[in-house]
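Here is a short briefing for someone opening this structure for the first time. Please look over the sequence and the 3D view before reading on.

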Amino acid sequence: SGKSVLANFVSESTEGIGSYSPTQGVRFETCWPALMKDSHGVIIIFNPELPSHLKEIEMWYSCFVQQQPLLDSQCLLVAHHKPGSAGDTENLSLAYPLNKLKLIHSNLEEDPEDVRMEFIKYFRSIITIMNESREREEMSIIS
């Protein structure tokens with residue numbers, strides 16, 4: 001679905017534009033608790049052209065957002081369009097509760113800087129949530 005390409009692009013490890021080289025997906029469910037521990041946000045990246053992904057993201061949302069529990073504002077959905085794909089961004093309809101989450105369409109061939117800016121906005125919102133939480137915790141200690 002493009003997770004490695006997006007991660008490299010956003011971290012500026014590469015420009016992220018060019019040929020797609022799939023990496024082997026690893027899904028060790030036994031590691032999920034360690035991944036979720038003390039997390040402050042979740043980014044779910046999926047290929048909107050694969051109907052199976054639309055079902056999978058419901059499971060990811062349930063496991064990584066609802067069961068923690070995180071706020072919906074701490075979750076970002078990324079519909080990643082691979083190079084050369086149709087990239088239909090208008091007709092993607094998600095079922096409840098996914099339809100209330102922030103959704104961005106990512107196409108690194110057409111709008112790479114827009115994608116980077118959306119990620120930066122998301123990271124800033126997570127930092128704000130973390131700072132507010134820390135301040136509340138400090139105030140509760142002082143009181």
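Predicted model: local features only at pLDDT ≥ 70, side-chain atom pairs only at ≥ 80, totals over all residues.

Residues are numbered from 1 along each chain as its sequence is written, and side-chain values use heavy atoms, with hydrogens and water left out.

**The sheet**

- Three strands form an open sheet in the order β1-β2-β3, with parallel pairing.
- Helices (H or I, at least four residues) and strands (E, at least two) are DSSP runs, numbered from the N terminus.
- Two strands pair if DSSP finds at least two bridges between them.
- The edge strands are β1 (42-46) and β3 (102-106), and each pairs on one side only.
- On average, neighbouring strands of this sheet are turned by 20 degrees against each other, direction ignored.
- Such angles run from 0 to 180 degrees between N-to-C directions, with axes fitted as lines to C-alpha atoms, for helices over the stretch in contact.

**Strand pairing**

- β1 and β2 pair in the parallel sense over five bridges.
- Ile 43 stands opposite Leu 76 in β2, and Ile 44 stands opposite Leu 77 in β2.
- Strand β2 (residues 75-80) also pairs with β3 in the parallel sense, over five bridges.
- Leu 76 stands opposite Lys 102 in β3, while Leu 77 has Leu 103 in β3 as its bridge partner.

**Burial in the sheet**

- Buried means under 20% relative accessible area, exposed over 50%, and partly exposed in between (1.4 Å probe, protein chains only).
- Six of the six residues of β2 are buried, so β2 is largely enclosed by the rest of the structure.
- Both faces of β2 are covered: Cys 75, Leu 77 and Ala 79 are buried on one side, and Leu 76, Val 78 and His 80 are buried on the other.
- In β1, four of the five residues are buried, so this strand is largely enclosed by the rest of the structure too.

**Helices around the sheet**

- From β1 the chain crosses through helix α3 (residues 51-66) to β2, and this β-α-β crossover is right-handed.
- Right-handed means that, with the strands pointing away from the viewer, the path from the first strand over the helix to the second runs clockwise.
- Helix α1 (residues 3-10) has Leu 6, Phe 9 and Val 10 buried.
- Seen down the axis of α1, its buried residues fall within an arc of 90 degrees, so they line one face of the helix.
- That arc is taken from the directions from the helix axis to the C-beta atoms.
- The buried residues of α1 pack against β1, β2, β3 and α4, where contact means heavy atoms within 4.5 Å.
- After α1 comes Glu 12, whose phi is positive, near 60 degrees.

**Asn 107**

- Asn 107 lies in the loop between β3 and α4.
- Asn 107 is buried, with a relative accessible area of 8%.
- Leaving aside its neighbours within four places in sequence, Asn 107 is in contact with His 81, Pro 112 and Val 115.
- The C-alpha atoms of Asn 107 and Pro 83 are separated by 7.3 Å, and the two residues are 24 residues apart along the chain.
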